[in-house]
Amino acid sequence: VKDLKNKVIKFIGDPNIRIEEDYLRIIRFIRFSIQYKSELDILTLKIILLNLNGINKLSKERVLNELFKILDLKNLSFLNHAENLKNIFLLVFPEIKYIERLSKLNFLPEEIKLKKKLILAILLIDDTSNIDYFCHKYKVSNALKHELSSISILYQAYKKDKNFLKENLKKNIYSYGDKNIKKLITLIFFIDKKKDFKKDYLIIIKNIEEIKLPKFPYDGQFLISKGVNEGRQLGVILNELKKDWVINNFS
């Protein structure tokens, strides 16, 4: 009761026995410690380190499920302020290299709640194949793999085009969708330490919401009226026409 009142997380009884009963309790210990902002004491740290290899015996599904519960915590950024806890977390999840990015969570107002998948992308994405390795290791669903890969590809496209969120913003909203562009802006805000919440996040989000996309003015019937035969070629020409229309600023 005293520990509960003081928000001190401990194993009940002998930590060695508790952990050996189910090695997932190591990750649950991390989760509760983050949730209640309880730093890891040296004795428990040593016991966890001795049993850390036991996590390899667990199914990847159980480990991933526990990770998502951690990513859903309101106090997730506490990891940056608890050195022992952070070190254990990184030993369990070595692919998550960018814990320091979580510090920017403190800049977001309470009404902005990031989805777990986007937080995972923020913690994983870089210029390497880190995401591919993570997806392979934890045997993630095709849907999750697609979502992580899509935002990573979008981030690489942004890095190659200095006008991605400026002159080409409207074209990119049309090509990728406004929801994906908003995810990208969130990712950039967390990755780039120089980005300001009001200036570099809120203003661009507002710009996106104010942009009205035009409707593609042509269809198959238009091409037929111009002498194009019906069939597969019709769709191919229509797609090429749409690409030119977008590149030419919807003209």
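Me: Which residue follows α10, and what is its phi?
Reply: This is a predicted model, so the angle is that of the prediction. α10 is followed by glycine 177. Its phi is positive, near 95°.

Me: Which residues of helix α10 are buried, and on which side of α10 do they lie?
Reply: Helix α10 spans residues 169–176, and Leu169, Asn172 and Ile173 are buried there. They cover an arc of only 105° around the axis. So they sit on the same side of α10.

Me: Which residues of helix α8 are buried, and how wide is their arc?
Reply: Helix α8 covers residues 130–137. Its buried residues are Asn130, Ile131, Phe134 and Cys135. They lie on the same side of α8, because their arc around the axis is only 130°.

Me: What covers the buried residues of α8?
Reply: The cover comes from helices elsewhere in the chain. It includes α5 (60–71), α7 (116–124) and α9 (142–160).

Me: Which residue with positive phi follows α8?
Reply: The phi in question is near 50°. The residue is lysine 139.

Me: How are α5 and α7 oriented to each other?
Reply: Their axes come within 9 Å and cross at roughly 95°. Angles of 65 to 115 degrees count as roughly perpendicular. So α5 is roughly perpendicular to α7.

Me: How many charged residues are in the contact of α5 with α7?
Reply: α5 brings Leu67, Phe68 and Leu71, and α7 brings Lys116, Ile119, Leu120 and Leu123. These divide into 6 nonpolar and no polar residues. The charged count is 1.

Me: What orientation do α3 and α6 have?
Reply: Helix α3 (residues 24–35) and helix α6 (residues 83–92) pack at about 140°, with axes 11 Å apart. Roughly antiparallel needs an angle over 145 degrees. That makes α3 oblique to α6.

Me: Is the crossing of α3 and α6 left-handed or right-handed?
Reply: The handedness describes how α3 passes α6. The crossing is left-handed.

Me: How many nonpolar residues are in the contact of α3 with α6?
Reply: On α3 the contact uses Ile27, Ile30, Ser33 and Ile34. On α6 it uses Leu85, Ile88, Phe89 and Val92. There is 1 polar residue and no charged one, and the nonpolar count is 7.

Me: Is leucine 24 buried or exposed?
Reply: Leucine 24 is found in helix α3. Its relative accessible area is 3%. Buried means under 20%, so leucine 24 is buried.

Me: What does leucine 24 contact, beyond its neighbours within four places in sequence?
Reply: Glu66 is one of its partners.

Me: Where does glutamate 66 lie, and is it buried or exposed?
Reply: Glutamate 66 lies in helix α5. Its relative accessibility is 1%. It therefore counts as buried.

Me: Which residues does glutamate 66 contact, leaving aside those within four places in sequence?
Reply: Leu24 is among them. The set is Leu24, Ile27, Arg28 and Arg31.

Me: What is the C-alpha to C-alpha distance between leucine 24 and phenylalanine 164?
Reply: In sequence, they are 140 residues apart. In space, the distance is 43 Å.

How values were computed
Residues numbered from 1 in each chain as written. Predicted model: local features only at pLDDT ≥ 70, side-chain atom pairs only at ≥ 80, totals over all residues. Heavy atoms only, no water. Axes fitted to C-alpha atoms, helices over the stretch in contact; angles between N-to-C directions. Helix = DSSP H or I, 4+ residues; strand = E, 2+ residues; numbered from the N terminus. Parallel < 35°, antiparallel > 145°, perpendicular 65-115°, else oblique. Left-handed = near helix turned anticlockwise from the far one by under 90°. Contact = heavy atoms within 4.5 Å. Nonpolar A, V, L, I, M, F, W, Y, C, P; charged D, E, K, R; others polar. Buried < 20%, exposed > 50% of the residue type's maximum accessible area, 1.4 Å probe, protein only. Arc of directions from axis to C-beta.
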